[in-house]
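Q: Could you take me through this structure feature by feature, giving the general idea and then the case at hand?

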Amino acid sequence: MSNIQVLDPHVANLIAAGEVVERPASVAKELMENAIDAGATAVTVEISHGGMTFLRVTDDGKGIPADELPTAFLRHATSKLKTEYDLEAIGTLGFRGEALAAIAAVSRITVLSRPLEAPFGASLSLEGGVPGAVEEAGCPLGTTIVVRDLFFNTPARLKFMKKDAAEGAAVFAVVQRVALSHPEVSIKFLRDGKQELLTPGDGKLQSAVYAVLGRELALGFVPVRGSGEGMEVSGFVSLPACCRASRNYQFFFVNGRLVKSRLLMAALEEAYANQKMVGKFPGCVLHLQTKLSAVDVNVHPAKTEVKFGSDKQVFDTVYHGVLSALDKDKTRPAVQLTPPAPPPAPSVPAPPPLMVHSGNNQLQQLAIESLQAQAKPAPRLRPPVDITPPDPEPEDEPPVHITPPPAIITPSPVNLSPPAVDVLVEPSLEAPPPAPPEPDPEPEEPAWKMAGEVFDTYIVVEQGEKIFFLDKHAAHERLNFDRMKAEGYTPMVQTLLSPAVLRLPAEECAVLLEHQALLDEFGFGVEEFGSGSLLVRQAPDYVDPADVESALGELAQTLLSTGRADPSSARDALLHTMACKAAIKGGWKTSPQELARVAEAVMSGEVKYCPHGRPVAIELTKKMLEKQFRRA
């Protein structure tokens with residue numbers, strides 16, 4: 001073994017940088033967090049070549065005094081902590097004092113900054129963590145940091161970097177998350193001279209959601225607001241019918257900090273139990289506000305993981321907040337009709353194309369001039385530091401075209417605004433407080449009537465100027481499931497005249513025998529028969545004896561996928577199956593009384609989704625029909 005020795009400071013800095021700076025996206029995240037901590041109301045992120053050769057973050061925060069610039073790039077230098085007790089209640093995004101030092105250790109970096117009280121700014125350049133001299137420079141209020149040639153002195157790290165398009169997409173994802181975490185800050189993102197994101201910074205989460213995720217996704221959201229003991233949850237969650245195939249659209253923030261939390265994810269998805277389709281995941285933008293002392297953010301170098309003082313309290317707050325939002329929703333999916341083709345327009349020769357010449361250098365110069373226009377007249381100093389991004393070089397891979405979501409927020413027919421918060425005002429001694437105005441009563445919905453049934457499957461209901469198509473099987477399945485779950489499941493049991501011998505795969509036999517008590521509850525009498533076989537002596541009355549093997553095989557698959565880890569989930573899954581098999585089927589002849597009972601449950605809002613998450617009703621308006629017949 002070699003002798004023990006203290007690492008060279010340069011090597012130690014490179015090791016520390018590896019914990020904080022993994023790729024350009026890490027740099028963007030740390031610099032944006034510093035800008036927000038500095039009180040910025042507008043932050044601009046610009047990159048070239050995926051951020052590897054050029055990354056600039058500009059903010060209008062309070063700035064850094066000239067004499068503190070060199071200190072800012074020392075390890076463990078920070079303005080956010082002073083004593084050990086500050087660690088017990090961290091209210092800033094950055095606090096470790098490692099970000100600037102780590103970034104500077106593996107790049108060529110230039111910082112320009114001017115505080116409000118300074119008549120002019122200062123600049124400092126560092127290469128591989130080695131600082132130059134601080135010099136006076138003309139610059140607007142706030143701070144601009146330019147990072148060039150990331151990992152130029154650690155070539156081994158370069159081979160782990162992906163193509164520029166992938167690295168640029170990772171930076172964009174970080175910018176989007178920061179925009180969702182702080183809607184009060186206007187966020188702009190430019191890639192290779194093209195603007196891809198601009199949020200208004202009006203403090204409304206709805207505006208940030210529209211700008212970042214786009215109108216189509218935002219329209220599938222409903223507002224959430226709930227509170228627990230010492231904490232509040234707010235934001236938006238997707239409707240069960242708008243769930244996605246992955247968790248990529250789940251964004252959780254704790255006191256304004258983006259976090260990855262299995263606890264929050266479990267609370268969210270538990271609220272969708274028996275409402276969403278299997279294999280689909282809800283989307284969300286949820287903000288949890290809690291006491292600073294009730295959460296520990298100092299558990300991960302990237303500050304993306306947190307620990308809560310009370311997991312149960314956090315779970316309950318999020319779960320009940322989301323569940324309440326879903327229960328309040330009364331919307332139903334609308335029928336998607338293809339618009340009628342417009343009549344052919346007369347042929348008109350197209351105008352000649354408008355030729356506009358605007359090279360990258362011109363755009364970049366305009367951006368610099370706009371920054372300088374914000375500054376007050378400053379004395380003539382040395383020439384300004386060159387912070388212009390290099391012209392993008394042609395690459396081998398094809399260009400990636402990304403259409404940014406609209407930054408202008410337009411009125412929407414769906415109200416995504418969170419409900420107003422009542423403010424408690426202490427009454428004055430001089431005069432009694434004015435009585436609050438009574439809320440306007442909700443307009444009564446017109447009475448509905450059953451208009452018939454089509455294909456022996458869909459109930460047609462007319463209500464005012466709307467027509468609803470109800471899936472009688474899905475709706476009845478939900479009615480059965482809710483009744484069984486609330487009252488308990490006591491099926492009528494039939495003893496088979498001739499016991500059925502089942503020869504299932506060994507794993508399915510094992511899981512059925514493991515859950516014999518649960519199968520007894522559902523009316524199946526199953527026992528081991530030897531040689532990997534099962535003997536079935538009884539079954540529920542609604543299961544045809546010829547279907548016993550397939551029914552138990554289906555139950556075995558359900559238990560294998562959900563049962564061993566969570567018995568309650570297994571029971572719900574079996575209830576799904578039982579409710580489905582006991583429900584009226586599509587294609588069956590059903591009595592008018594039964595159809596009316598199902599329709600009443602759907603139209604009253606008692607039933608919205610089947611236990612597997614499929615919608616039970618879709619809506620068609622009179623106006624939509626008139627458009628199809630060209631009467632509107």
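A: Let us begin with a definition: a residue counts as buried when its relative accessible area is under 20%. Please keep in mind that this is a predicted model. With that cut-off, strand β23, which spans residues 617-621, is mostly covered, since four of its five residues are buried.

Q: How does β23 pair with strand β19, in the parallel or the antiparallel sense?

A: Strands of a sheet pair through backbone hydrogen bonds, either parallel or antiparallel. In this model, strand β19 (residues 466-471) and β23 pair in the antiparallel sense over five bridges, and Leu 620 in β23 is the bridge partner of Ile 467.

Q: In what order do the strands of the sheet that holds β23 follow one another?

A: Four strands form an open sheet in the order β17-β18-β19-β23, and the pairing is antiparallel. The edges are taken by β17 (448-454) and β23, each with a single partner strand, so one side of each is left without a neighbour in the sheet. On average, and with direction ignored, neighbouring strands of this sheet are turned by 25 degrees against each other.

Q: How many residues of α7 are buried, and what follows just after the helix?

A: Helix α7 (residues 205-213) has nine of its nine residues buried. Among them are Gln 206, Ser 207 and Tyr 210. Just after α7 comes Gly 214, which takes a positive phi of about 90 degrees.

Q: Where else does α6 make contact, and what does the sheet on which it packs look like?

A: That sheet is open and has five strands in the order β10-β11-β14-β12-β13, with mixed pairing. At its edges stand β10 (221-228) and β13 (257-259), each with a single partner strand, so one side of each is left without a neighbour in the sheet. Neighbouring strands of this sheet are turned by 20 degrees against each other on average, direction ignored. Strand β12 (residues 250-254) is joined to β13 by three bridges, and the two run antiparallel; Phe 253 stands opposite Leu 258 in β13. Helix α6 packs on the sheet by touching β12, β13 and β14 (284-290), and its direction makes about 55 degrees with that of β12.

Q: What are the partners of strand β8, and in which sense does each pair run?

A: Strand β8 (residues 186-191) has five of its six residues buried, so it is largely enclosed by the rest of the structure. Six bridges join β8 to strand β1 (residues 42-48), and these two run parallel; the bridge partner of Glu 46 is Leu 190 in β8. Four bridges join β8 to strand β9 (residues 194-198), and here the strands run antiparallel, with Lys 188 opposite Leu 198 in β9. The hairpin of β8 and β9 has two residues between the strands, and in it Asp 192 takes a positive phi near 50 degrees.

Q: Finally, is Gln 275 buried or exposed, and which residues does Gln 275 touch?

A: Gln 275 has its place in the loop between α9 (262-271) and β14. With a relative accessible area of 11%, Gln 275 is buried, because the cut-off for a buried residue is under 20%. Not counting residues up to four places away in sequence, the residues that Gln 275 touches include Pro 240, Leu 323, Arg 478 and Tyr 609.

Note on methods: Residues are numbered from 1 along each chain as its sequence is written. This is a predicted model: local features need pLDDT of at least 70, side-chain atom pairs count only at pLDDT 80 or more; totals for chains, interfaces and linings use all residues. Side-chain values use heavy atoms; hydrogens and water are left out. Buried means under 20% relative accessible area, exposed over 50%, partly exposed in between (1.4 Å probe, protein chains only). Two strands pair if DSSP finds at least two bridges between them. Axes are lines fitted to C-alpha atoms, for helices over the stretch in contact, and angles run from 0 to 180 degrees between N-to-C directions. Contact means heavy atoms within 4.5 Å.
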